[in-house]
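Subject: Structure handover

Hello,

Here is the structure you asked about. My notes on it follow below.

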Amino acid sequence: EVGAGKTTLVRNLFNRLPSDQIVAAHIVNTHLDPDDTLRMVVSAFGLPYEGASKTDLLTRLEKFLCDVDHQGKRALLVIDEAQNLSARTVEELRMLSNFQTDDKSLLQTFLLGQPEFRQTLFHTPALEQLRQRVIATHHLDPMEPEEVEPYILHRLKKVGWTGNPSFAPEAFELIYDYSDGVP
């Protein structure tokens, strides 16, 4: 759901990725047509894209992915707000998984979205080929009541809170009730 913490988790993931093993790109603007999405992917990996044809973009990206593989690294593309992607754009992203060596895909793609993306993914006939390539899915559920207090205290400590002012125990219950466990 909106506010469940998807983007926070991705930022945390990016902070923890071993740069000697993984080259990662993150895209958050998803209100784009398939060609502009391809340009965004190329740009996110730091490659030139201005004035390039689609063929040039794909060639540059494939060469980059092969170079990454030759360095013994993996390439990761993270797309946030995937619920905004059209089926045509999702299909364009799927086509990028065709860049392969003999034994593996050169690009791993991680799609994050609100619940409507799950509906699009699993109920759009045109996305059957993508569904066949999905290796994992997860729905980020709201927090349970007992998770709210530790979460809030952790976030406060991250910004320097030292316990003053303090919270009454019932405050966490009220926060859970108000938020339904969504951060």
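Helices (H or I, at least four residues) and strands (E, at least two) are DSSP runs, numbered from the N terminus. In those terms, Thr30 sits in the loop between strand 1 and helix 2. Please keep in mind that this is a predicted model.

Thr30

Thr30 has a relative accessible area of 3%, so this residue is buried, the cut-off being under 20%. A polar atom of the Thr30 side chain lies 2.8 Å from the backbone oxygen of Glu81. Leaving aside residues up to four places away in sequence, Thr30 touches Ile79, Asp80, Glu81, Asn84 and Leu85.

Three strands form an open sheet in the order 1-2-3, and the pairing is parallel. Strand 1 (22-27) and strand 3 (107-111) are at the edges with a single partner strand each, so one side of each has no neighbour in the sheet. From one strand to the next, the twist averages 20°. Between strand 2 (residues 74-79) and strand 3 there are five bridges, in the parallel sense. Ile79, one of the residues that Thr30 touches, stands opposite Leu111 in strand 3.

Two helices are placed against these strands. Helix 2 (residues 34-44) packs on the sheet, where it touches strand 1 and strand 2. The direction of helix 2 makes about 140° with that of strand 1. Helix 3 (residues 54-70) lies across strand 1, strand 2 and strand 3, and runs at about 130° to strand 2.

The nonpolar cores

The largest nonpolar core has 28 residues. Val41, Phe45, Leu61, Leu65, Leu77 and Leu96 have the most contacts inside this core. At least two of its residues come from each of strand 1, helix 2, helix 3, strand 2, helix 4 (87-95) and helix 5 (115-123). Helix 3 supplies the largest share, five residues.

What does Leu61 touch, not counting residues up to four places away in sequence? The list is Leu38, Val41, Val42, Phe45, Leu47, Leu96 and Phe99.

Aromatic pairs

Counting ring centres within 6.5 Å, there are three aromatic pairs. In one of them, the ring centres of Phe45 and Phe64 are 5.2 Å apart and the planes are at 45°, so the pair counts as tilted. Phe45 is in the loop between helix 2 and helix 3, while Phe64 is in helix 3, and the two are 19 residues apart, so that the pair links distant parts of the chain. Phe45 is buried at a relative accessible area of 9%, and Phe64 is buried at 16%.

Ring pairs join Phe167 and Phe172 with Trp161 in a cluster.

Regards

How values were computed:
Residues numbered from 1 in each chain as written. Predicted model: local features only at pLDDT ≥ 70, side-chain atom pairs only at ≥ 80, totals over all residues. Heavy atoms only, no water. Pairing = 2+ DSSP bridges. Axes fitted to C-alpha atoms, helices over the stretch in contact; angles between N-to-C directions. Contact = heavy atoms within 4.5 Å. Phe/Tyr/Trp six-rings, centres within 6.5 Å; stacked < 30°, edge-to-face > 60°. Buried < 20%, exposed > 50% of the residue type's maximum accessible area, 1.4 Å probe, protein only. Core = buried A, V, L, I, M, F, W, Y, C linked by side-chain atoms within 4.5 Å. Polar contact = N/O pair within 3.5 Å; in protein donor to acceptor, adjacent residues only side chain to side chain.
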